[in-house]
Amino acid sequence: MVVFDPLVQIILSLGFGCLFAVSGISKFFNRESFESVLRGYDLLLEKTVPFSAVLVAGFELCLGFLWLSLNGGSFVVIGSASLLLTYAVVITINLVRGRNYIDCGCGFSSLRSDLKKSSSGLSFYLVLRNVILMCFAFLTLVPVFERTFNVLDYFIIVFSLICSLLFYGAMGQLLANRSTINSWRQSNA
């Protein structure tokens, strides 16, 4: 039987908590931009878009706070995996339809006022990212052994969260750069 160090579970839980909480908050504060993103996917009836925007933002915010509380259990993991899978399916549907130019609405892009300029567009890399995130979420269900924490453990938690945030941001920026370069190449071809 596989057993993890509780440090891994805490780092993953706090990382998901930060990701979902910040994402949910940004969607609430920039609801018009997020509604525009939802309209761009062209999968919802127009009259359901405002309600759907609030529902998605609220669900992300709830998941974020449950992850941060470190007491969510399998409900939070399944909820998070379901949301990430839904995002992956919606992105895949639009990619199959040839709609790779629309804003994904993911990450922290809705925190920026220049949302249209910072869009990473859709790609299968986003689908892959969501699948990887789902796998990390399920890792938190692996049993952990009991141990006491020391000062070094808390340093590792903070350092790991900072590194994860920087890595996630860097990957998002690389995807945005890739989309911008591809658009530039197509316009100059």
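I began with burial: a residue is called buried under 20% relative accessible area, exposed over 50%, and partly exposed in between, using a 1.4 Å probe and protein chains only. By that rule I recorded Asp153 as buried, because its relative accessibility is 6%.

I noted that the model is predicted, that local features need pLDDT of at least 70, that side-chain atom pairs count only at pLDDT 80 or more, and that totals for chains, interfaces and linings use all residues. Residues are numbered from 1 along each chain as its sequence is written, and side-chain values use heavy atoms, with hydrogens and water left out.

**Entry 1: Asp153 and helix α6**

I took helices as DSSP runs (H or I, at least four residues), numbered from the N terminus. Asp153 belongs to helix α6, residues 151–187. I looked up its polar contacts, meaning pairs of N or O atoms within 3.5 Å; within protein, one atom must be able to donate a hydrogen and the other to accept it, and residues adjacent in sequence count only if both atoms are side-chain atoms. A polar atom of the Asp153 side chain lies 3.0 Å from the backbone nitrogen of Asn150. In the other direction, Asn150 caps the N-terminal end of α6, with a side-chain oxygen 3.0 Å from the backbone nitrogen of Leu152.

I then listed contacts (heavy atoms within 4.5 Å). Leaving aside neighbours within four places in sequence, Asp153 is in contact with Leu7, Arg147 and Thr148.

How far apart are the end C-alpha atoms of α6? They are 54 Å apart, which agrees with the 54 Å that its 37 residues should span at 1.5 Å a residue; the expected span is 1.5 Å times one less than the number of residues. The buried residues of α6 are Asp153, Ile157, Ser160, Tyr168, Leu175, Ala176 and Ser179. Their cover includes α1 (6–29) and α5 (124–139).

Is Ser80 buried or exposed? It is buried, because its relative accessible area is 0%. Its side chain reaches the backbone oxygen of Val76 at 2.8 Å. Not counting residues up to four places away in sequence, Ser80 touches Phe20, Leu63 and Trp67.

**Entry 2: Helix α2 and what follows it**

In helix α2 (residues 31–41), I found Phe34, Glu35, Val37, Leu38, Gly40 and Tyr41 buried. These buried residues pack against α1, α3 (49–69) and α4. After α2 comes Asp42, in the loop between α2 and α3. Asp42 has a positive phi of about 55 degrees although it is not a glycine. I recorded a positive phi for Leu70 as well, near 60 degrees; this residue is in the loop between α3 and α4. Leu70 counts as partly exposed, because its relative accessibility is 42%.

**Entry 3: Salt bridges**

I searched for salt bridges, each a side-chain nitrogen of Lys or Arg within 4 Å of a carboxyl oxygen of Asp or Glu. How many does the whole structure hold? The search finds 7.

One of them joins the side chains of Asp5 and Arg147, at 3.1 Å from N to O. Asp5 lies in the segment before α1 and Arg147 in the loop between α5 and α6, so this pair ties together parts that are 142 residues apart in sequence. Asp5 is partly exposed at 24%, and Arg147 is partly exposed at 26%.

Another joins Arg97 and Asp42, at 3.2 Å from N to O. Arg97 is in the loop between α4 and α5 and Asp42 in the loop between α2 and α3, so the pair ties together parts 55 residues apart in sequence. Salt bridges that share partners join Arg31, Glu35, Arg39 and Glu46 into one network. Within it I noted the bridge between Glu46 and Arg39, at 2.9 Å from N to O.

**Entry 4: A nonpolar patch**

Accessible areas come from the Shrake-Rupley method with a 1.4 Å probe, and for residues only the protein chains shown count as cover. Leu43, Leu44, Leu85, Val89 and Ile93 make a nonpolar patch of about 390 Å². Among them, Val89 is found in helix α4 and counts as partly exposed at 42% relative accessibility.

Note on methods: Helices (H or I, at least four residues) and strands (E, at least two) are DSSP runs, numbered from the N terminus. Patches are made of residues with over 30% relative accessible area and no salt bridge: like charges are joined within 9 Å, nonpolar side chains (Val, Leu, Ile, Met, Phe, Trp, Tyr) within 5 Å.
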